[in-house]
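Good morning, and thank you for joining this meeting. Please look at the sequence and the structure as they come up, and keep them in view while I speak.

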Amino acid sequence: MKIDKNQLLRFTTAGSVDDGKSTLIGRLLYDSKSIFEDQLDAIEKTSKRKGHETVDLALFTDGLKDEREQGITIDVAYRYFTTPKRKFIIADTPGHIQYTRNMVTGASTANVALILIDARKGVIEQTKRHSYIASLLQISHVIVCVNKMDLVDYKEDVFNSIVHQYEDLSSKMMIKDVRYIPISALEGDNVVHRSENMKWYQNAPLLHTLETVHISSDNNMIDARFPVQTVLRPQNDEHRDYRGYVGRISSGIFRVGDKIKVLPSGFTSTIKSMNIHDKQLEEAFSEMSVAMTLEDEIDVSRGDMLVKVNNSPEVTQDITAMLCWFNEENARPRAKYILKHTTNDQKAIIKEVLYKVDVNTIKRLEDDKELSMNDICKVKIRTTAPLMVDEYIQNRNTGSFVLIDEATNETVGAGMIM
Amino acid sequence: MSKYFLNYLDELESEAIFVFREVYAQFRNPVILFSGGKDSILLTHLAKKAFFPSKIPFSLMHIDTGHNFPETIQFRDDLVKELGVDLLVGSVQEAIEDGRVLEEKGKNATRNSLQITTLLDAIEDNKIDCAIGGGRRDEEKARAKERFFSHRDEFGQWTPKNQRPELWNLFNGKMRQGEHFRVFPISNWTEMDVWNYIKRENIAIPSLYFAHERKVVWRSDSWIPVSEYLPKIENEQVFTKKIRFRTLGDITITGGIESDADTLSKIVDEVSSMRETERGNRSDDKRSETAMEDRKKQGYF
């Protein structure tokens, strides 16, 4: 497994007040020795001031003034820790329904979703909501942590019955890889260290699972897509004829000599060279930021996409997508928005709302078509010029977009193309 | 098993290069905020990679408190020459002389928060629409909530409660006249990542980061270098210690640590066994629990 060494793994946690999310993150950081002494001192002082007998691990995830005053997470906070096996980025997001947009944001870049279930309560509405978002955002791996096992006497049958409940739920969603771990974040059981209290549990504790879950094949390595960010034309003698198309490979693999096509124009050429800084590359893959040169002088600019001649995305002005609405102002029917997809910005209108999803019951609401904050709807959108799209389920980078309000410049929605 | 994956440093590098190129494509007049510290030096290295073989298409902007380590200024001037870029300097000293800001008094006086006015003035005077900074989310709890593309209103203020959602690789840099953006390409890097990368790429950094002998005094739990700018305290004992700096800020507030680490390898080893955060030696952050959040809201780096 040496090959996984030094990989970066991004995971998301969602949770509300009292389900132990902050304690779990605090425990992971604390037991993996990612907490510094001055941080610990500060937390010990605060714990004492608040009258806690032991160090309140949840305080490690304390955020902004408002959040501390209210004792909740509002915005996504990013936290970092490293073990000898991997570097981790945690997108720590709130779990309450009014912060769906922040959960969606955190989920958009995650490889793994941690779903917390209180062992005393089992699968509840919030579990459904978090799982639905994980499946909607196509997080490849879900780890269900059945927490607070200490409060149910570490009983195996409690754990098993929750596993069955969750299997029932996840079978209705598109979640590929689910694992279950009985933990007590408060006591430290099965978080970093194997639990002495649950000998009946044979699998790895949480941290070991995070360190070893196989993520190399989560990226799409089949469909080569290269959205052009900009063109570099250095004005110096040494590189007089250099014309480099730069960008980050969304998916797939490109090699020098590959026949490529420029979209939407359809011009074809051959890759002459690829480089990162002064290092020449024979092949480059997702998600490397590279510069490419082509054999032929053709018109390529920001917003265009280079693909292989025999494997194209759909070039279209009409898309169907699941759209999550972020703004306090409802979506205006037939109003123009700026749709940002890869490096391509186009004007767009929401032509039709097909249905809304109740994220608590995962039921379709066919009659309610008002797009308000935190709503998730299936919509039809038309753009003024073609987009080069793949289905989100096949390709996170070329299947996703955001909508920007022209008047306020705010990011008002995020979509996943179907 | 697939050989097609990036190790974490390559992935962080790729992400930062992508962000630099988005800045170039989306803004008219960006600058790189340059303090002479390792994070801003790292920014210039990543920018060089992002635009090779062109030179970096941005100026560097230094908000100069006047309380510098001489080594930092020398390093800055050499680097600017090497990169062939322009240097813009916003001077806190001038702002004090013009009466734009009032200097703090007393033995703990610093010019740290005075930089806010000078920074915002420099952004306005030079018609900067995007200031690229070396802020990292692991540094401080207010920074943990910061976006890659962070919008500032016409007063230069940050409103943490009303930030734009940032999903996938899609960065929204749209704004009105008079507003600007702060962009943080190394948001996802930790102190350890920075050092590992500096070592891997063999990036030149000021000698202050390496262990050296220096005259220091013990204040606010750290070794503060003696300099002409340091307010004197009577009968205070001056020591000569072998120290190095983990971060570089104003010479009056940057505490050194006792160390023998005089090579990049030794620094990496030392940092990986550190039990205190790097900003723990910065008295600017010790003032209150929300010192950073408060300064950031007003327009700080």
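Asn111(A) sits in the loop that runs between helix 4 (100–107) and strand 4 (112–118) of chain A; helices (H or I, at least four residues) and strands (E, at least two) are DSSP runs, numbered from the N terminus. This is a predicted model, in which local features need pLDDT of at least 70 and side-chain atom pairs count only at pLDDT 80 or more, while totals for chains, interfaces and linings use all residues. Residues are numbered from 1 along each chain as its sequence is written, chains are lettered from A and ligands numbered from 1 in the order in which they are written, and side-chain values use heavy atoms, with hydrogens and water left out.

Is Asn111(A) buried or exposed? Asn111(A) is buried, because its relative accessible area is 17%, and buried means under 20%, exposed over 50%, and partly exposed in between (1.4 Å probe, protein chains only). Leaving aside neighbours within four places in sequence, its contacts (heavy atoms within 4.5 Å) include Leu8(A), Arg10(A), His141(A) and Asp218(A).

With a relative accessible area of 0%, Thr398(A) is buried. Its side chain makes a polar contact with the side chain of Asp390(A) at 2.7 Å. A polar contact is a pair of N or O atoms within 3.5 Å; within protein, one must be able to donate a hydrogen and the other to accept it, and residues adjacent in sequence count only if both atoms are side-chain atoms. Beyond four places in sequence, Thr398(A) also touches other residues, among them Arg225(A), His341(A) and Ile417(A).

I turn now to the interface. Here 63 residues of chain B are in contact with 85 residues of chain A. The area buried between the two chains is about 6700 Å², of which carbon and sulfur atoms give 56%; buried area is the accessible area (1.4 Å probe) that two parts lose on being put together, summed over both.

How many salt bridges are counted between chain B and chain A? The count is five, a salt bridge being a side-chain nitrogen of Lys or Arg within 4 Å of a carboxyl oxygen of Asp or Glu. One of them joins Glu22(B) and Arg302(A), at 2.9 Å from N to O. Helix 1 of chain B gives the most to the side of chain B that touches chain A, with 13 residues.
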